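Subject: Structure for you to take over

Hello,

I am passing this structure on to you.

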Amino acid sequence: MTDARTLIADLASAIAGGGIEIVDLTNVLSPDFPVIVLPSEFGQCEPFRMETVSRYDGNGPAWYWNNISMNEHTGTHFDAPAHWITGKDVPNGTVDAVSPQDFFAPAVVVDICAEAAADEDFIVTRPFLEAWEQANGPIPPRHWVLLRSDWSKRVGTLSYLNLRDDGAHSPGPDADAMRFLVHERDCVGLGVETVGTDAGQASHFDEPLPAHSILHGNGRFGLQCLTGLDRLPTFGAMIVAMPLKIKGGSGSPLRVAAMIPA
Amino acid sequence: MSRAQAPYTGVAVCAPITVPYQRFSAEPAHWWAGRALRLLHENTGLRPADIDGFCFSSFSCGPDTAVGMTQHLGLTPRWLDHIPTGGASGVMALRRAARAVQCGDAELVVCLAADTNQIDSFRHSLAGFSRFSQDAVYPYGFGGPNATFALITDAYMREYGVTREDFGKLCVAQRANAGSNPLALQRKPLSLDAYMAARPIADPVHLFDCVMPCAGAEAFIVTTPERAEELGLKMAQILATIERHNAFPEDPVQLRGGWAMDIEGFWQTARITPAEVDTLQVYDDYPVIVAMQIEDLGFCNKGKVGEFIRANEFTIDGDLPLNTNGGQLSAGQAGAAGGFQNVTEGLRQILHAPLGDQVPDASIAAISGFGLVNYDRGVCTAAALLEALP
Amino acid sequence: MTAARERRDPLARKKLRHVPSGLRSRAMHALSARAAQGLFALQACTECGTATYPPRDACPLCWGELAWTEQPSGAKVLCETTIRVSTDLYFREHMPWRMGKVLLDAGPVALVHLHAALHPDDRADVRMMIDRGGNAALFAVPAGDTDLMSDPQWREFIVPIEGRIVLVSDARNAIGRAMVKELQARGAELIVAGLPGPALASDATDAVLTLDRVQAIALDVTDATSVAEAASRIGGPLDIVVNTARHVRAGGVSANPGFVEQRRAFEVSAMGLSRLASTFAPMLAGRPNGAFVDVLSSAALVGDAAQAGFAAAEAARHSLLQSLRHEMRGAGVRVMSVFTGPVDDADHQALPPPKVAPARIAASVAEALLNGREQTCVGDVAQDAMERWLADPALLAREKNL
């Protein structure tokens with residue numbers, strides 16, 4: 001007990017200015033932040049909406065507040081296992097049931113900036129990850145795997161969703177890569193800067209939408225629309241990601257932060 | 001077609017009262033009515049208890065009517081009437097009061113018209129004037145009566161070849177008559193050139209074709225000759241009267257008034273001819289209506305008024321002294337009181353107690369009223385012939 | 001974009017807009033309701049058949065009941081005047097004003113606004129217009145084809161397009177695209193084409209959006225912030241808003257309700273209209289001929305079980321339009337409804353003809369503006385629905401939902 005208490009006190013003082021820096025990995029939640037666009041035969045994701053109830057006016061002279069509405073998967077958001085059909089029977093698969101322990105986990109950052117810049121449909125494959133481990137060291141277990149693509153730098157431009165006549169174009173993993181991360185590296189989940197954990201064209205893969213399918217079918221999580229990954233070390237960041245406790249929810253907008261050595 | 005009119009036996013008209021007009025007044029109609037009664041008292045000695053009949057006319061006394069006025073002015077009449085017919089209200093009050101006195105329903109009826117004219121009250125009274133006006137007249141340029149009478153004038157000039165100069169002659173004569181009336185609001189001589197050069201208001205109506213709205217009150221009494229004698233008042237008798245509303249509704253434009261329906265019986269009952277009339281007091285909101293009355297009352301044939309105007313003089317010393325106080329065109333139009341001043345002025349001339357110059361040897365006055373533009377024309381017309389009693 | 005805009009003295013006091021007095025009798029309002037539909041109707045006696053005007057509550061010839069009937073609109077001019085003095089604030093701004101009296105072929109006489117080219121004894125065609133205050137007004141124009149637009153009085157009763165700045169709320173859908181083209185062809189000075197998200201790379205090269213005098217801006221009527229930002233980007237004067245936004249989806253009430261789509265339909269059709277109106281109404285109110293035109297479905301009149309949410313949202317829109325019309329009356333901004341049946345577009349692929357071509361809807365909007373028509377029905381389906389609704393709304397509701 002004493003050790004843990006010391007640990008927490010040390011952590012607090014480190015956060016307060018003694019060696020740990022907090023990096024905000026969250027995009028601003030605003031009405032114009034893009035949401036994923038599905039083919040028109042499917043229901044669509046509602047963007048963030050905000051209407052003022054009062055602002056120090058007749059409707060509330062001393063207070064300011066808004067009604068807000070959005071999809072669970074709007075803005076920087078968390079995907080719970082129940083989001084996907086493969087995860088529908090996973091125990092504690094909805095956001096309200098996710099163990100709070102999982103809100104805190106270390107991260108490993110896989111940099112695919114150069115590859116994504118060269119090919120906006122860049123696919124992260126198992127060989128790519130194995131080569132990455134060769135160069136950087138193994139991906140430790142129970143880590144968030146964060147794909148740093150610099151896609152967040154496109155926010156506010158057409159090239160973020162990057163919609164064209166044949167659909168969206170953005171990087172993401174294939175099925176083998178996902179199986180590797182889940183089964184052989186026991187990742188907590190996959191975090192990306194793009195609007196979905198899957199690549200823009202992933203619905204056309206032989207195994208469509210493998211990130212969603214494999215992550216959630218195995219009780220793992222997704223984090224999307226992250227930003228600030230360029231500020232994280234490859235190893236050694238601690239992620240705090242706490243979705244709203246929505247009853248039976250499939251996901252949730254949230255604030256994601258990382259603790260890194262100052 | 002209609003039954004012969006019974007003569008107005010045992011009826012005397014007397015005590016014409018005019019409260020000096022003001023262009024604008026902050027006082028309400030009630031104040032003006034009170035001033036008229038006070039002047040009546042000063043001229044005749046009458047007190048509230050002496051008055052057993054009251055006939056009232058006003059546009060601006062709201063929310064009161066004649067009912068409210070009795071309490072306001074301390075009257076306890078056994079006969080009461082409220083007349084909403086504006087320019088025809090003087091003659092209508094006269095004939096109603098006359099029958100009340102003749103039949104014994106009342107012995108002394110005060111007929112009174114009072115209206116105020118506050119800044120902007122003209123616009124307000126216009127806005128709520130009549131349903132047809134709000135629905136189908138004002139939305140077309142909101143020219144008020146000027147526009148309505150411009151249309152009548154346009155059609156009348158076109159139909160009968162009457163010219164602006166003809167109308168001008170009438171207006172110039174009336175202004176000349178106003179010259180001797182100290183109470184007239186406009187007494188500065190008007191030349192025909194100035195009339196012709198005036199700015200247009202609603203073509204072909206120009207500035208001097210229009211009356212000046214003002215505040216004022218007019219009154220007279222109708223009683224028995226015996227009572228008038230007791231009071232020491234000069235008096236006149238009623239030779240004949242007529243009244244008509246919504247005449248000739250099938251006429252597309254009002255080129256004739258209701259007088260034309262009843263004019264024959266009018267002169268027959270009076271047993272005189274137009275030539276015997278010493279002074280003509282007609283409603284003169286616009287000169288076209290003056291011209292129309294000259295025709296429809298039988299002073300000339302229909303369509304010949306242009307020639308008639310050119311051949312006659314209408315000043316106090318002329319062949320047909322017309323609106324000898326200056327009429328509303330020069331004396332001012334005090335709302336409903338404007339429909340009374342033809343009675344009071346006619347009465348004064350034949351009683352030889354004029355405000356200004358006297359029509360020489362006047363004993364018979366023809367008085368004509370015209371009122372209430374409900375939609376596209378004046379709806380109410382009335383006329384009376386008064387003769388001084390010795 | 002700003003170069004062509006009208007220049008104004010920045011220090012001049014804001015010009016207040018006035019409208020003609022609005023006080024009318026109930027019978028006159030009944031006439032206005034018919035004028036709004038473009039009908040030339042007068043009351044005629046059910047006993048003696050005589051037509052009457054101004055509107056009354058009894059036949060002046062036989063005291064019979066009166067019924068509204070369409071009447072011939074020909075007339076002869078009887079007399080004229082040019083009003084140069086008025087106490088009314090609206091007309092004072094528009095002096096001199098020509099009016100006159102006509103003898104209608106239908107029988108009665110009427111005071112009318114008189115076209116500059118008309119004089120006594122001329123034959124005239126009398127148009128039943130809606131004035132700036134929202135009430136019926138008779139306007140006599142020369143019989144036959146005449147250039148009415150050259151008469152400044154006539155322009156008070158209509159909404160010119162040429163030289164005006166117009167916002168099309170959704171220029172991404174077929175109706176909106178057609179609308180942009182139509183307004184461009186009719187000489188609007190600037191057409192602001194609202195584009196709901198997501199923005200597409202192809203927008204930059206789109207044939208309609210890149211037309212001369214067309215400016216595309218992001219505009220999502222479901223987002224108050226987006227609407228406000230669009231307004232800030234328009235900045236300068238705005239004369240006309242054409243609301244083409246809609247969300248057409250199938251779905252019932254108890255069966256397959258599709259709550260997400262239903263809610264979205266309300267967000268677009270109903271709430272979207274409110275967002276547009278609240279943001280743009282003040283801009284329109286500052287303009288001499290402001291107008292808000294709404295393109296809505298005739299399903300608004302009675303509901304449609306196959307598209308229950310859409311129809312309900314359109315009904316809500318229809319209702320909001322009535323209230324907006326009331327609100328805008330004081331500012332003289334015309335609120336126009338253009339009803340259409342199924343449109344020949346991607347939303348109605350499953351439906352057999354008759355369907356209305358988007359270009360025809362756009363042309364009808366332009367005609368509505370140029371004729372000052374408060375209510376228009378485009379195409380047979382909307383026309384039929386409106387006629388049946390006017391005749392027997394309960395029967396139509398039953399027939400449409402059998």
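Two residues are in contact here if their C-beta atoms, placed from the backbone, lie within 7 Å. This is a predicted model, in which local features need pLDDT of at least 70 and side-chain atom pairs count only at pLDDT 80 or more, while totals for chains, interfaces and linings use all residues. Residues are numbered from 1 along each chain as its sequence is written, and chains are lettered from A and ligands numbered from 1 in the order in which they are written.

Contacts between chains

On the chain A side, eleven residues are in contact with eleven residues of chain C. Strand 2 (49-57) and strand 8 (163-164) of chain A are the elements that give two or more residues to that side. Helices (H or I, at least four residues) and strands (E, at least two) are DSSP runs, numbered from the N terminus. By type, the chain A residues that touch chain C are six nonpolar, one polar and four charged. Ala, Val, Leu, Ile, Met, Phe, Trp, Tyr, Cys and Pro count as nonpolar, Asp, Glu, Lys and Arg as charged, and the others, Gly among them, as polar.

Two pairs of chains touch, and the pair with the most contacts is B and C. There, 30 residues of chain B are in contact with 34 residues of chain C. Helix 4 (121-127), helix 5 (131-136), helix 6 (144-160) and strand 5 (200-202) of chain B each give two or more residues to the chain B side. Helix 6 of chain B has the largest share of that side, with eight residues. The chain B side divides into 18 nonpolar, five polar and seven charged residues. Chains A and B do not touch, and their nearest C-alpha atoms are 35 Å apart.

Domains of chain B

Chain B is divided into domain 1 (12-120 + 215-231) and domain 2 (121-208 + 236-382), with bounds that come from an automatic or database domain assignment. The centres of the two domains, taken over C-alpha atoms, are separated by 23 Å. Their contact takes 35 residues from domain 1 and 38 residues from domain 2. On the domain 1 side, strand 1 (12-22), helix 3 (89-102), strand 4 (108-115) and strand 7 (215-223) of chain B each supply at least two residues. That side of domain 1 is made up of 17 nonpolar, 13 polar and five charged residues.

Helix 9 of chain C

The buried residues of helix 9 of chain C are C:G379, C:V381, C:A382 and C:A385. They lie on the same side of the helix because they cover an arc of only 130 degrees around the axis (the arc of the directions from the helix axis to the C-beta atoms). A residue is buried if 20 or more other C-beta atoms lie within 10 Å of its own, exposed if 12 or fewer, and partly exposed in between, with C-beta atoms placed from the backbone. On the other side of helix 9, C:E387 and C:A391 are exposed. The cover over the buried residues includes strand 14 (334-340), helix 8 (358-371), strand 15 (375-378) and helix 10 (393-400) of chain C.

Chain A as a whole

Chain A has five helices and 15 strands. Of its 262 residues, 39% count as buried.

Regards
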